[in-house]
Amino acid sequence: MKNEIKIYIGITILLAADLILYLTNGISFAGNIIDRLLFWIWFIGTFYIVFKYVRKKWAKIYGMTLVGLTALSLFPMGVPILTITAFAITSENSQKIDNEIRIFGTAKSVIGRPYISVVKNYWIFEKEVGGMDYDFEINNKYYNLKDSKSIKRLPNSEDGKVRLEFEFKDGKIIKTAHNNV
């Protein structure tokens, strides 16, 4: 087996492991640049491998399988393909709170309800430790993350959950990250 195929298989396994860990446990590489870079390398590598080895039977089967799975993903309202496209194209606006915690607005699916994800950094990996509602209500006005003037991390609650204080032009609000987002 050629080295480029071994590298492609390694990248595919790494991408699949990253996806499974993220969807099941909220664990991913630190930041989102590595995730996106890994995805784009895999995506471009797929075209390279399939077109370079198009005369081989396994490459034809693999290419047709990918095309077939992509077509099948369009049937359930296109949610899988839209989710992949949204991940690959959109950028995430995250705010680093301190050396350990960062937050960003997200949704796990294009039809999912958005929420604020609270992520804890573990060197090259990070884990989602909780989330909170996307909107903040102060004096019958609604704000979101981009409207905040400042965000401070408060001491963790008694059960170890992350607490944050958000300051807006109309006041402050304290939110605790919860696990069932």
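Glu128 lies in strand 5, which spans residues 125–133. The structure is a predicted model. Glu128 counts as buried, because its relative accessibility is 15% and the cut-off for burial is under 20%. The side chain of Glu128 makes a polar contact with the side chain of Tyr115 at 2.8 Å. Across the whole structure, the search returns 11 aromatic pairs. In one of them, Phe39 and Trp40 have ring centres 5.5 Å apart and planes at 75°. The pair is therefore edge-to-face, since that class takes planes over 60 degrees apart. Phe39 is buried, at 10% relative accessibility. Trp40 is partly exposed, at 34%. The rings of Tyr53 and Trp58 are set with centres 5.6 Å apart and planes at 35°, so this pair is tilted. Tyr53 has a relative accessible area of 8% and is buried. Trp58 reaches 39% relative accessibility and counts as partly exposed.

Ring pairs also build a cluster. Phe39, Trp40, Trp42, Phe43, Phe47 and Phe51 are linked in this way. Trp40, Phe43, Ile44, Phe47 and Phe51 make a nonpolar surface patch of about 520 Å². Phe51 belongs to both the ring cluster and the patch. Phe51 sits in helix 2, which covers residues 33–52. At 57% relative accessibility, Phe51 counts as exposed, because the cut-off for that class is over 50%.

Strand pairing involves strands 8, 9 and 10. Strand 8 (residues 150–154) runs antiparallel to strand 9 (residues 163–168), and five bridges join them. Arg153 has Leu164 of strand 9 as its bridge partner. Strand 9 also pairs with strand 10 (residues 171–176). This pairing is antiparallel and extends over six bridges. Here the bridge partner of Leu164 is Lys175, in strand 10. Strand 9 and strand 10 are joined by a hairpin through two residues.

Key
Residues are numbered from 1 along each chain as its sequence is written. This is a predicted model: local features need pLDDT of at least 70, side-chain atom pairs count only at pLDDT 80 or more; totals for chains, interfaces and linings use all residues. Side-chain values use heavy atoms; hydrogens and water are left out. Rings of Phe, Tyr and Trp (its six-membered ring) pair if their centres lie within 6.5 Å; planes under 30 degrees apart count as stacked, over 60 as edge-to-face and the rest as tilted. Buried means under 20% relative accessible area, exposed over 50%, partly exposed in between (1.4 Å probe, protein chains only). Helices (H or I, at least four residues) and strands (E, at least two) are DSSP runs, numbered from the N terminus. A polar contact is a pair of N or O atoms within 3.5 Å; within protein, one must be able to donate a hydrogen and the other to accept it, and residues adjacent in sequence count only if both atoms are side-chain atoms. Patches are made of residues with over 30% relative accessible area and no salt bridge: like charges are joined within 9 Å, nonpolar side chains (Val, Leu, Ile, Met, Phe, Trp, Tyr) within 5 Å. Accessible areas come from the Shrake-Rupley method with a 1.4 Å probe; for residues, only the protein chains shown count as cover. A salt bridge is a side-chain nitrogen of Lys or Arg within 4 Å of a carboxyl oxygen of Asp or Glu. Two strands pair if DSSP finds at least two bridges between them.
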